Amino acid sequence: RTSGLKAARNIIILSHNVSQDVADGYFDINTLLVHRIDVLARCISSSLWVSNGIRKDTNVYLMLFPHNITIEVRGGEVARLNPD
């Protein structure tokens, strides 16, 4: 367990059929559409963004299957997130 579970809002995003390259962090910023990283990025942005800033009381968990990897994004630690 992580200490991040104490947030007021926890959002879990399941992503099935993630390629090994994405799970290892190897993808090009110019080709985000190929492995659909853009969808994961939009999910994080939509989960944390409010009209006047970032939801500090929200944690987002990306669960990458079949690799059993979970990435935690803590709203209280996010900086310079833009809605676009």
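Predicted model: local features only at pLDDT ≥ 70, side-chain atom pairs only at ≥ 80, totals over all residues.
Residues are numbered from 1 along each chain as its sequence is written, and side-chain values use heavy atoms, with hydrogens and water left out.

I will start with strand S4, residues 58-64; helices (H or I, at least four residues) and strands (E, at least two) are DSSP runs numbered from the N terminus. Two strands pair if DSSP finds at least two bridges between them, and S4 is joined by six bridges to the antiparallel strand S5, residues 69-74. Across this pair, Asn 59 faces Arg 74 and Val 60 stands opposite Val 73. The two strands form a hairpin with four residues between them, and in that turn Asn 68 has a positive phi of about 55 degrees.

S4 also pairs with strand S1, residues 9-15, here in the parallel sense and over seven bridges, with Ile 12 opposite Tyr 61.

Because six of its seven residues are buried, S4 is largely enclosed by the rest of the structure, where buried means under 20% relative accessible area with a 1.4 Å probe, protein chains only.

Leaving aside neighbours within four places in sequence, Ile 44 is in contact (heavy atoms within 4.5 Å) with Val 60, Leu 62 and Val 73.

Note on methods. Buried < 20%, exposed > 50% of the residue type's maximum accessible area, 1.4 Å probe, protein only.
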